[in-house]
Amino acid sequence: MSDEILRRLDEVLEARRAADPQQSYVAGLHAAGIDRILRKVGEECTETVIAAKNGNRDDIVYETADLWFHSLVMLSHCGLDSEAVLAELERRFGLSGVTEKAARDNKGDSAR
């Protein structure tokens, strides 16, 4: 997924926040609230795990796309977008997982 696709999705998701919930799936999720959105993210996460466990490439890609999409809806609902996540990934790029976790622990942020 290129940055451009993520930006376009961010724009569409933001526009859908104001749409009629009867006309838009995303508007319906926003109208239903964060608990409904998080249930959907959890559902898609589970389906992604099952797809990976089963090892079918097409299913893994399909379910991961659903998971990413619903994660973007969750970010939108929280007033965030993909840019914030991409910036965090860029910040972490090149850091070992051990170093990154130690930096979080030193900030008293170990609950993440």
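Modeller: Before we start: a residue is called buried under 20% relative accessible area, exposed over 50%, and partly exposed in between, with a 1.4 Å probe and protein chains only. This is a predicted model, where local features need pLDDT of at least 70 and side-chain atom pairs count only at pLDDT 80 or more, while totals for chains, interfaces and linings use all residues. Residues are numbered from 1 along each chain as its sequence is written, and side-chain values use heavy atoms, leaving out hydrogens and water.

Colleague: Fine. Is Ser82 buried or exposed?

Modeller: Ser82 has a relative accessible area of 4%, so Ser82 is buried. Ser82 is found in helix H5.

Colleague: What does Ser82 touch, leaving aside residues up to four places away in sequence?

Modeller: Ser82 touches Leu6, Arg7, Asp10, Leu72 and Leu75. A contact means heavy atoms within 4.5 Å.

Colleague: Let's step back. How many helices and strands are in the chain?

Modeller: The chain has six helices and zero strands. Along the sequence the pattern reads α-α-α-α-α-α. Both kinds of element are DSSP runs numbered from the N terminus: helices are H or I with at least four residues, strands are E with at least two.

Colleague: What does the C-alpha trace span along its principal axes?

Modeller: About 45 × 35 × 30 Å.

Colleague: And what share of the residues count as buried?

Modeller: Of the 112 residues, 22% count as buried. The accessible surface of the chain is about 7800 Å², and 55% of that belongs to carbon and sulfur atoms. Those areas come from the Shrake-Rupley method with a 1.4 Å probe, and for residues only the protein chains shown count as cover.

Colleague: What about contacts between residues at least 6 apart in sequence: what share join residues at least 24 apart?

Modeller: 55% of them.

Colleague: New topic. How many salt bridges does a search of the whole structure find?

Modeller: Seven. A salt bridge here is a side-chain nitrogen of Lys or Arg within 4 Å of a carboxyl oxygen of Asp or Glu.

Colleague: Why would side chains pair like that?

Modeller: Side chains of opposite charge can pair when their charged atoms come close.

Colleague: Which residue forms a salt bridge with Glu14?

Modeller: Arg17, with the closest N and O atoms 3.9 Å apart. The two residues are three apart in helix H1 (residues 3-17), so about one helical turn separates Glu14 and Arg17. Glu14 counts as partly exposed because its relative accessibility is 44%; Arg17, at 34%, also counts as partly exposed.

Colleague: Which residue does Lys40 pair with?

Modeller: Lys40 forms a salt bridge with Glu44, the closest N and O atoms being 3.3 Å apart. They sit four residues apart in helix H3 (residues 34-54), so about one helical turn lies between Lys40 and Glu44.

Colleague: Are Lys40 and Glu44 buried or exposed?

Modeller: Lys40 is buried, with a relative accessible area of 12%. Glu44 is buried, at 3%.

Colleague: And which residue does Glu88 meet in a salt bridge?

Modeller: Arg92, at 2.9 Å from N to O. Glu88 is partly exposed because its relative accessible area is 25%, and Arg92 is partly exposed at 33%. Elsewhere, salt bridges that share partners join Lys40, Glu43 and Glu44 into one network.

Colleague: Which residues gather in the patch of negative charge on the surface?

Modeller: Asp3, Asp81, Glu83 and Glu90. A patch is made of residues with over 30% relative accessible area and no salt bridge; like charges are joined within 9 Å, and nonpolar side chains (Val, Leu, Ile, Met, Phe, Trp, Tyr) within 5 Å.

Colleague: Where is Asp81 found?

Modeller: Asp81 is in the loop between helix H4 (57-77) and helix H5 (82-92). Its relative accessibility is 33%, so Asp81 counts as partly exposed.

Colleague: How far apart are the mean positions of the positive and negative charges of the chain?

Modeller: The mean positions of the 15 positive and 21 negative charges are 4 Å apart. Lys and Arg count as positive and Asp and Glu as negative, while His and the chain ends are not counted. The place of a charge is taken as NZ of Lys, CZ of Arg, CG of Asp or CD of Glu.

Colleague: Last one. Where is Ala18 found?

Modeller: Ala18 is in the loop between H1 and helix H2 (25-32). Ala18 is exposed, with a relative accessible area of 72%. Ala18 and Ala31 are 13 residues apart in sequence and 9.4 Å apart in space, C-alpha to C-alpha.
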